[in-house]
Each structure stands twice: as C-alpha cells, then as structure tokens.
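This briefing covers the structure shown below, grouped by topic.

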Amino acid sequence: MHISDFFKGTTEINVTGPKIIASFEIGGVTINFTESILLSWIIIGAVALLLHWLTKDLKTKGISKRQVLAEMAVQTVYNLVDDTMGKGNRRFAPYIGALFTFSILGSLISLLGLRSVTADFSVVLTWALITFIWVHYTKIRTNGFFGYLKGYASPVFVMLPMNVLSEVSLPVSMSIRHFGNIASGMIISGLVYFALTSITKSIGVAFMTIGIPAVLSLYFDLFSSFMQAFIFIMLTMVNVSNAAETE
Amino acid sequence: MDFLSIDVGTILFTLINTLLIFLAFKFLLFKRVDAMLEQRQAELAATYAAADDAQNAANADKEQYAKLMQDAKEETARIISRAEKQAQQKGDAIVEDARREALAVREKADRDIAREMSQAKGELQGEISAIAMELAEKIMEKEISKEDHSRLIDEFLEEMGDKA
C-alpha cells in the first residue's frame with residue numbers, strides 16, 4: 001500500500017471471511033490456517049505475558065499496583081460467578097474470565113485495523129459448542145443419563161421435538177448473536193469509510209474519514225465488543241447453572 | 001474464505017486456543033492469586049493468634065504484678081509490725097535494765113549505809129567505852145580492874161544496843 005492510497009480512503013468494500021494464510025490436508029480433510037487463528041495466537045500470547053507480568057511477584061502485604069489489578073480482576077470474576085452461578089462454582093471462574101477476555105480482545109483487535117477474530121463465525125461457534133457440551137454434560141451429571149433423556153419428553157412426550165429444538169437453538173443463537181453483532185459492526189464501519197470517502201471523492205484527499213469513524217467506533221467496537229463478550233459469558237453461566245438444577 | 005462459513009480447521013484451532021487461554025488464566029492468574037490469598041489468610045490468622053497470645057501474656061503478667069504488689073504490701077506491713085514489736089521489746093528491756101540497775105544501786109547504797117552505820121556504831125562503842133573507862137578510872141581510881149570494868153561496860157552497851 002502506497003502513502004497515496006491512504007489519502008484515497010476506502011474506495012471499495014469487500015465482505016469476506018478471514019483470509020486463509022496456509023492450507024493443508026490431513027486424511028482428506030482440508031485444514032485452513034486463517035487470519036483468525038494467527039490473531040488469536042497474538043491475543044493469547046499478549047494475555048499470557050500480561051497475566052504473568054501482573055502476577056509475577058505476589059505478596060501478602062505491601063502490594064504493588066500491578067497486584068491490585070490482578071486481585072481486582074480475580075475478585076471481579078469471582079463475584080460475577082458467585083452472583084450468577086451461586087456459591088461453590090468458583091472452579092469455573094478461570095474459564096469465564098478467559099472466555100470474556102478472549103472474546104472482548106478478539107473483537108477489539110479491530111481497533112488496530114485488523115480483522116476481528118469474533119467476526120469469524122467458526123470461532124464463536126466453537127465457544128457456543130463448548131457451552132452446549134458443558135450444559136449437556138452438567139445435565140447428565142445432575143440427572144443421570146436416563147433422567148437426562150427423560151427431560152426431553154417432559155412434560156409430555158409430544159414436546160420432544162420442541163425440547164430438542166430449544167436445546168439446539170442455544171448454541172446457534174449464542175454464536176449467531178455474537179458473530180452478527182461484531183461482523184455487522186465491521187461491515188457498517190467499512191460502509192461508513194466508503195461513504196465518507198465518496199463525499200470527498202472530487203477533492204482526492206479523504207479528510208472526512210478522520211475523526212468521524214472514531215465516534216461510530218465507540219459503539220460498534222468498544223460498546224458492542226464489551227456487550228457481546230458479557231452476554232456470551234452470562235448466557236454460558238446461566239445455562240450451566242440451570243443445567244445443574246435437578247428437574 | 002466466505003463471510004459466513006463453518007471451517008473445521010478454525011474450530012479445531014479455536015478449541016486449542018480457548019484451552020490455551022483458559023490455562024493461561026488458570027495458572028498465571030487464578031492459581032497464583034488464590035495461593036497468595038490463602039497465604040494472606042493464614043498470615044492474618046497467625047497475626048490474630050499472636051495478638052491473642054500477647055494479650056493473654058500481658059494479662060498474666062498484670063495479674064502476677066498485682067499479686068507481687070499485694071505480697072510486697074503484706075511484707076511491708078509485716079516488717080513494720082515486727083520492727084515496732086522489736087522496738088517495743090528493746091525499749092522494755094532497756095527500761096527493765098535501768099530499773100534493775102537502779103535497784104542494784106539502791107541496794108548497794110543501803111548495804112553501804114548499813115555497813116557504815118554498824119562500823120560507826122562499833123567505833124562509837126569503842127570510844128564511849130574508852131571515855132566511860134576514863135571517867136570511871138578518874139572517879140573510882142583503881143577500885144576495879146581495868147578488865148572487869150571494861151567487860152561491865154560492854155555488857156551494858158550490848159543490852160543498850162539490843163534494845164535499840
């Protein structure tokens with residue numbers, strides 16, 4: 001990209017999925033190594049370094065500002081898990097914190113001009129499937145396998161298709177909601193850039209694209225990213241703790 | 001890749017990635033902070049226990065000091081009373097000695113007086129008898145022997161003395 005391209009602004013919109021960086025076949029199945037995975041690794045590496053830096057020398061008294069942050073983070077997640085799932089479920093807190101962080105950073109990486117990881121349907125579908133499996137594992141553990149099966153035919157056997165549908169709808173709705181919000185934000189941002197560029201097309205310098213998109217970005221990136229991450233972990237916790245209740 | 005697509009590779013990688021970030025959170029954040037919190041809790045409990053111990057020790061010391069103070073007071077009172085008693089006894093003894101000495105002095109004086117009196121009496125007897133003999137010699141001249149005369153006067157004086 002030349003400097004002159006930057007001044008031209010956005011002159012075309014491509015609504016595509018993540019780029020495929022590498023592709024290889026294992027046993028006849030094509031495995032794609034995409035942009036999303038590379039960015040995920042960057043996020044995970046950054047998070048791991050940050051966490052290690054925050055917690056590298058914890059003390060019981062005379063604590064540093066870093067430690068205050070670390071304790072606050074842990075306490076916040078613990079409180080959230082306690083409030084949503086009830087006491088005695090703190091073992092789930094690391095996953096909830098990790099999922100929230102992965103989701104919000106995966107969305108916010110768009111602020112660096114990169115493609116949001118969560119704008120890749122496969123990524124959010126994976127998380128939704130984890131929640132789905134977790135919910136059903138919890139149900140089986142709570143009610144026993146036959147109790148779990150009987151749950152589908154309650155209150156009457158006729159309800160079986162409805163119950164199956166409602167179970168399947170959980171991961172679908174969770175993943176589509178997350179993906180839809182972030183991906184649509186990405187598209188709208190692209191459209192705004194395109195529109196603002198169009199306004200100043202005759203001048204040749206896309207000065208309108210400076211500043212205005214930032215305001216929109218507040219909602220589509222910051223707010224939406226936070227909300228979707230929060231909604232996702234809340235739905236996960238609520239569904240799992242509901243599954244833990246005996247029917 | 002299509003905008004809305006389900007890719008097996010991405011799902012597999014994301015599973016692994018999610019596991020990785022979960023492990024990072026578990027071992028780099030939660031385990032460490034939990035361990036620290038547990039240690040802090042233990043230290044807090046230890047501090048409270050130490051404070052309780054110190055307070056108990058202080059209370060025990062206080063009681064001991066109070067007891068020592070009480071003992072000291074009693075001891076003081078005892079010493080004072082004993083000293084008073086001793087002083088009283090000593091005083092009494094001194095007074096008693098003085099009285100006895102005074103008595104002895106008086107008895108000695110009495111004895112001296114009595115001895116001197118008897119001595120004086122003896123001397124007087126001798127003198128009186130000599131005077132009487134001289135008188136009698138001068139009056140009677142050689143009528144009676146000196147010895148007889150003297151004996152008569154002695155007898156007379158002894159009778160007089162007995163009567164006195």
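A nonpolar core is a set of buried Ala, Val, Leu, Ile, Met, Phe, Trp, Tyr and Cys residues joined through C-beta atoms within 7 Å. In this predicted model, the largest such core has 51 residues. The residues with the most contacts inside this core are A:Ile43, A:Ile96, A:Leu99, B:Phe25 and B:Leu29.

- H4(A) gives the most to the core, with 10 residues.
- Apart from its neighbours within four places in sequence, B:Phe25 is in contact with A:Leu51, A:Pro94, A:Gly97, A:Ala98 and B:Phe30.

**Contact between the chains**

- On the chain A side, 40 residues are in contact with 31 residues of chain B.
- The elements giving two or more residues to the side of chain A that touches chain B are strand S2 (29-34), helix H2 (35-54), helix H3 (65-85), helix H4 (93-108) and helix H5 (121-152) of chain A.
- H2(A) gives the most to this side, with 8 residues.
- By residue class, the side of chain A that touches chain B divides into 25 nonpolar, 13 polar and 2 charged.

**Chain A overall**

- Chain A holds 7 helices and 2 strands, and from the N terminus on its elements run α-β-β-α-α-α-α-α-α.
- Along the principal axes, the C-alpha atoms of chain A fill a box of roughly 70 × 60 × 40 Å.
- Of the 247 residues of chain A, 33% count as buried.
- Among the chain A contacts between residues at least 6 apart in sequence, 65% join residues at least 24 apart.

**Helix H2 of chain A**

- H2(A) has 20 residues and reaches 28 Å from its first C-alpha to its last, close to the 28 Å expected at 1.5 Å a residue.
- Its buried residues are A:Ser36, A:Ile37, A:Leu39, A:Ser40, A:Ile43, A:Ile44, A:Val47, A:Leu51 and A:Leu54.
- Seen down the axis of H2(A), these buried residues fall within an arc of 155°, so they line one face of the helix.
- An α-helix has 3.6 residues a turn, so residues three or four places apart point the same way.
- A:Ala46, A:Leu49 and A:Trp53 are exposed on the other side of H2(A).
- The buried residues of H2(A) pack against S2, H3, H4 and H5 of chain A together with H1 of chain B.

**Helix H6 of chain A**

- H6(A) has 40 residues and reaches 56 Å from its first C-alpha to its last, close to the 58 Å expected at 1.5 Å a residue.
- A kink of about 30° lies at A:Ser169 in H6(A), shortly before the proline A:Pro171.
- The buried residues of H6(A) include A:Pro171, A:Met174, A:His178, A:Phe179, A:Ile182, A:Met186 and A:Tyr193.
- H4, H5 and H7 of chain A are among the elements that cover the buried residues of H6(A).
- A:Ile187, found in helix H6 of chain A, has 15 other C-beta atoms within 10 Å and is therefore partly exposed.
- A:Ile187 and A:Asn14 are 173 residues apart in sequence and 8.8 Å apart in space, C-alpha to C-alpha.

**A:Met85 in helix H3 of chain A**

- A:Met85 lies in helix H3 of chain A and counts as buried because it has 20 C-beta neighbours inside 10 Å.
- Leaving aside neighbours within four places in sequence, A:Met85 is in contact with A:Phe92, A:Met237, A:Val240 and A:Ser241.
- A:Met85 and A:Ala22 are 63 residues apart along the chain, and their C-alpha atoms are separated by 41 Å.

**Chain B helices**

- At 1.5 Å a residue, the 133 residues of H1(B) should span 198 Å, and the end C-alpha atoms are 190 Å apart, which agrees.
- H1(B) has a kink of about 30°, centred on B:Lys26.
- B:Glu159 has its place in helix H2 (residues 146-163) of chain B.
- With 10 other C-beta atoms within 10 Å, B:Glu159 is exposed.
- B:Glu159 and B:Leu28 are 131 residues apart in sequence and 143 Å apart in space, C-alpha to C-alpha.

Notes
Residues are numbered from 1 along each chain as its sequence is written. Chains are lettered from A and ligands numbered from 1 in the order in which they are written. This is a predicted model: local features need pLDDT of at least 70, side-chain atom pairs count only at pLDDT 80 or more; totals for chains, interfaces and linings use all residues. Two residues are in contact if their C-beta atoms, placed from the backbone, lie within 7 Å. Helices (H or I, at least four residues) and strands (E, at least two) are DSSP runs, numbered from the N terminus. Ala, Val, Leu, Ile, Met, Phe, Trp, Tyr, Cys and Pro count as nonpolar, Asp, Glu, Lys and Arg as charged, and the others, Gly among them, as polar. A residue is buried if 20 or more other C-beta atoms lie within 10 Å of its own, exposed if 12 or fewer, and partly exposed in between; C-beta atoms are placed from the backbone. The expected span of a helix is 1.5 Å times one less than its number of residues. The bend at a residue is the angle between axes fitted to the seven residues ending there and the seven starting there. The arc is that of the directions from the helix axis to the C-beta atoms.
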